[in-house]
Amino acid sequence: MTAETKKIKGILESSFSTDNYVALVKEIFSSAKIISPDKQTPERSNFSFHIAGYSHVATYMTPDGKKLVILAVELKKNAYVITSRSTQRSYAKKLIESSNSDAAVIAFYTNGESKWRLSFVRLDYEMKFENGKLKAVENMTPARLVMRIST
């Protein structure tokens, strides 16, 4: 196992911390632009029942020019890490659209708890004919579980 692999494995097996998440982002997306990982934006919408807020950790431009936003989302209850995937997916869509991005890597966590989820979500669009008119139809990938971590 390489030193990089050991470092990534160690981060993923640890409880969530902003410092560890930034280290993970730097390890995986070496050219990512770190934005404001320590500044949480409180959630004040209909998502606020489940979500305390989010931090814009970084932005990464893929080689083919796609914008990937990297976020950390604080959930209000630890059970939401596992049980509120639909809410997480809808919230991810909101964050992707508001940041004018193509996709997101998001760490969902609860302060002081060991379990956290790392997800990748992408928005896709396709053109379809509906009622004789050409329309752009949005398809969102499921919030793919990259890793659910529990220590």
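**Strands and interior**

A: Strand S3 (residues 51-61) and strand S4 (residues 67-75) run antiparallel and are joined by nine bridges. Helices (H or I, at least four residues) and strands (E, at least two) are DSSP runs, numbered from the N terminus, and two strands pair if DSSP finds at least two bridges between them.

Q: Before we go on, what kind of model is this?

A: It is a predicted model, in which local features need pLDDT of at least 70 and side-chain atom pairs count only at pLDDT 80 or more, while totals for chains, interfaces and linings use all residues. Residues are numbered from 1 along each chain as its sequence is written, and side-chain values use heavy atoms, with hydrogens and water left out.

Q: Which residue stands opposite Gly-53 in S4?

A: Glu-74 stands opposite Gly-53. S3 and S4 form a hairpin with five residues between them. In the turn, Gly-65 has a positive phi of about 85°.

Q: How many bridges join S2 to S3?

A: Three bridges join strand S2 (residues 40-42) to S3, and the two run antiparallel. There, Gln-40 has Ser-55 of S3 as its bridge partner. Strand S1 (residues 33-34) is also antiparallel to S3, with two bridges, and Lys-33 stands opposite Thr-59.

Q: And S4 with S5, parallel or antiparallel?

A: S4 and S5 run parallel and are joined by seven bridges. Val-73 stands opposite Phe-108 in S5.

Q: Why is S5 described as largely enclosed?

A: Seven of the seven residues of strand S5 (residues 103-109) are buried, so the strand is largely enclosed by the rest of the structure. Buried means under 20% relative accessible area, exposed over 50%, and partly exposed in between (1.4 Å probe, protein chains only).

Q: Which residues lie on each side of S5?

A: Ala-103, Val-105, Ala-107 and Tyr-109 are on one side, with Ala-104, Ile-106 and Phe-108 on the other, and all are buried. In a regular strand the side chains alternate between the two faces of the sheet. As for S3, eight of its 11 residues are buried.

Q: New topic: how many aromatic pairs are there?

A: The structure holds seven aromatic pairs. In the pair of Phe-16 and Tyr-21, the ring centres are 5.6 Å apart and the planes are at 50°, so this pair is tilted. Rings of Phe, Tyr and Trp (its six-membered ring) pair if their centres lie within 6.5 Å; planes under 30 degrees apart count as stacked, over 60 as edge-to-face and the rest as tilted.

Q: Is Tyr-21 buried or exposed?

A: Tyr-21 counts as buried because its relative accessibility is 2%. Its ring also pairs with that of Trp-116: the centres are 6.4 Å apart and the planes at 80°, so this pair is edge-to-face. The pair links distant parts of the chain, with Tyr-21 in helix H2 (residues 18-28) and Trp-116 in strand S6 (residues 116-130), 95 residues apart.

Q: What about the core, how many residues has the largest one?

A: The largest nonpolar core has 21 residues, and those with the most contacts inside it include Tyr-21, Val-57 and Leu-118. A nonpolar core is a set of buried Ala, Val, Leu, Ile, Met, Phe, Trp, Tyr and Cys residues joined through side-chain atoms within 4.5 Å. A second, separate core of 17 residues includes Ile-51, Val-69, Ala-104 and Leu-123.
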